[in-house]
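The points below may be read alongside the sequence and the model.

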Amino acid sequence: MKCFRSLVWAVWLILFVCRKVSGFGLQKNQEDTNLTVGNFIDFTRWLGIDYGQPKLRKRYDYVIVGAGPAGCVLAARLTEDPHRTVLLLEAGRPEMPLASDVPLSAPNLQSTDYNFAYETETQERACLGLWDRKCSWPHGRGVGGSSIINYMIYTRGNRRDYDAWSAAGNPGWSWDEMLPYHIRSERANIRDFDRNGFHGRAGPLSVEDCPFRSKIATTFVASAQQAGYRYLDYNAGDQIGVSFLQANTQQGRRVTSGTAYLVPARKRPNLHIVTRAWVTKVLINKATREVTGVTFIRDGATRTVKARREVILSAGAFESAKLLMLSGIGPADHLRSHGIAVLQDLPVGEILYEHPGVFGPVFLVRRPIDNYVRLEDNLNLGTFLQYVKGRGVFTTNSVESLMYVKSPVAESPDPGLPDVEVMQAFSSIDFDTGTGTPRAFRLTNATFDGYFRPIMNVRSFQYLPMLLKPRTRGKLRLKSTNPFHHPVFRYQYFEDDRDLEALVYGMQEAIRVTEQAPFRRLGVELYRRPVPGCEEFPFGTHQYWRCHVQTLTATFHHQVATCKMGPADDPEAVVDHELRVYGVARLRVVDIGVVPFPPTAHTAAVSFVIGEKAADLIREAERRGDHGARNKPADVPAANGTFLWSAPDWPF
């Protein structure tokens, strides 16, 4: 009993530190930093997962850069053969399960050094109620990558996404060809759908129904069905409809790529995992145009390690692209502007898509249904005991159900392809009476105090519509040749007005669903206080909702396409369908940056299967003895920023 009490209080203490860290003033609004308690005290020495202290070899068969979802999968799968040696280099630290495993603490984790703490550029038409008119772009730094700090939402995407990748010149990536990888990775515990033939039961990655399900969730699903949306498994290829959330948790605790894939493999003698290792350059033999290894910095010392077969970049959509450019692979003019010798002229970073969203609409519940009014009221021993048993409010990330919608401005004419996802949360932002959640979303004091604070003592909940098929796209650029500098993001939300209109439609559909009889029986009403900055528009008008979206803009860190996958005759392609970088031998990119178009998915699930498929691709290349380069034809023009693809061109 004494040990049990100690565990409970340890969890309490870590959650308190995570929740209050931004209130200590340690996370400064400074460029290229995310200064937190973890920068001064390395808690992972005592509380982190032990990945060992391997003695570094001079040479490995494969060097993987980045321990995010795809990198962890790849390291675990490749080392299933004991004769194959793998080095996995990660810039961040190991996970601390006592802190990171609690789903409800997700916003607070973004105020830790598990986050690169990227920000957008100053926005003209979005993020108007956020600090400096910038949205936060969280990006995971640690073993597990963004799966340490994300919201654990598991959505694979629509079958039409994958078929579009294949039709665009990427054989092997269709839905029918990728579904086995989803099944192979998954260990499902989904009460309504886990035996429908689309889910795995023996994989390393736990996918389950959230143990916590509020009255709001069941009412939302019932109301959506009354509004015309069918109840379905959105991970079975088709999505227009509604369902409860499927999450990467196990008995209510977060599951990361590290805990799912690396922990079982970490003691293999042929796998070395090195944390706090910041890779600064890919080493390339200029004469043969073959990659030979990487340079990285650890504990202030610069080290070099060689790869017999391949170097694989799995550092994420931002860091993989940045590392390619620092190594001389990227847009020639941009590299020359920084004094970088051009080894391969490729459109790295020329495309950047993101899933924009919005906080709201918000609803008030006038009849007593539960006690989930304020977080602090639930910070008690009873709630912690529930969590230890795998139950209770701490097992939710706040999102409980998803509804997929097709807006009138959707680009694709296919009626089965949604362009908006509406997430239903059991509470609204005012549930957290501390500073953690508002700071995670960069809400200004004026925005929070003027809109959310007035309902702190009222039972409320909100929706989070997310645009799945944005037309707006941006670019990623180097800030300098300093490998520790953040990239520059040239991305303006809602450059295409139809992106804004689609989110407004998603909000209006959420309101229509909440007007159905099941919600009326709960005494639910729309929160009608104007968002600060939108008072000039009559509440509820089309112009008002446009202003709401532009002021309370949300981001879901789903950036893709910086290292786009495509055929050799695609001027925007960086890698081929086997994820090999064009023109450079023994180099692949294996992460979400290769996805060519914005998917109808939260990108973690896609990252996992990219890693699974890449493992097979690499094993096949090894069998053939083929690690050579694939070149583009000499007459393929450079990418010029024009759209080469549009949804109506899909073969459906």
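1. A definition is needed first: a disulfide is taken here as a pair of cysteine sulfur atoms within 2.5 Å. The model is a predicted one, and under this criterion the count comes to two disulfides. With bonded cysteines counted along the chain, the disulfides follow the pattern 1-2, 3-4.

2. The link of Cys 534 and Cys 547 has -90 degrees about the S-S bond and is left-handed. The S to S distance in this disulfide is 2.1 Å. Cys 534 lies in the loop between strand E24 (524-526) and helix H17 (542-551), whereas Cys 547 belongs to helix H17, so the pair ties together parts that are 13 residues apart in sequence. Cys 534 and Cys 547 are buried.

3. The other disulfide joins Cys 127 to Cys 135, with an S to S distance of 2.3 Å. The link of Cys 127 and Cys 135 is left-handed as well, with -105 degrees about the S-S bond. Both of these cysteines are buried.

4. Cys 563 is buried, with a relative accessible area of 0%. Cys 210 is also buried, and its relative accessible area is 9%.

5. The nonpolar interior deserves attention next. In soluble globular proteins, nonpolar side chains tend to be buried together. In this model, the largest nonpolar core has 181 residues, and Leu 324, Leu 579 and Leu 587 are those with the most contacts inside it. Helix H18 (residues 603-624) gives the most to this core, contributing ten residues. A second, separate core has twelve residues, among them Cys 210, Phe 212, Tyr 372 and Phe 426.

6. Which residues does Leu 587 contact, leaving aside its neighbours within four places in sequence? Its contacts include Leu 324 and Leu 579, two of the residues with the most contacts inside the largest core.

7. Strands of a sheet pair through backbone hydrogen bonds, either parallel or antiparallel. Here, three strands form an open sheet in the order E5-E6-E8, and the pairing is mixed. Strand E5 (186-189) and strand E8 (246-247) stand at the edges with a single partner strand each, so one side of each is left without a neighbour in the sheet.

8. The two pairings in this sheet can be described in turn. E5 and strand E6 (residues 205-209) run parallel and are joined by four bridges. Within that pairing, Glu 186 stands opposite Leu 205 in E6, and Asn 189 stands opposite Glu 208 in E6. E6 and E8, by contrast, pair in the antiparallel sense over two bridges. Gln 246 in E8 is the bridge partner of Asp 209.

9. Is strand E6 covered on one face or on both? Both faces are covered: Leu 205, Val 207 and Asp 209 are buried on one side, and Ser 206 and Glu 208 are buried on the other. Five of the five residues of E6 are thus buried.

10. In helix H14 (residues 445-452), the buried residues are Thr 447, Phe 448, Gly 450, Tyr 451 and Phe 452. The buried residues of H14 pack against strand E18 (362-365), helix H13 (436-440), strand E21 (460-467) and H17. H17 is also the helix that holds Cys 547.

11. Finally, where is Ser 407 found? Ser 407 is in the loop between strand E19 (399-405) and strand E20 (420-425). Its relative accessible area is 5%, so Ser 407 counts as buried, the cut-off being under 20%. The side chain of Ser 407 makes a polar contact with the side chain of Asp 419, at 2.6 Å. Not counting residues up to four places away in sequence, Ser 407 touches Asp 419, Ala 502 and Tyr 505.

How values were computed
Residues numbered from 1 in each chain as written. Predicted model: local features only at pLDDT ≥ 70, side-chain atom pairs only at ≥ 80, totals over all residues. Heavy atoms only, no water. Buried < 20%, exposed > 50% of the residue type's maximum accessible area, 1.4 Å probe, protein only. Polar contact = N/O pair within 3.5 Å; in protein donor to acceptor, adjacent residues only side chain to side chain. Contact = heavy atoms within 4.5 Å. Core = buried A, V, L, I, M, F, W, Y, C linked by side-chain atoms within 4.5 Å. Pairing = 2+ DSSP bridges.
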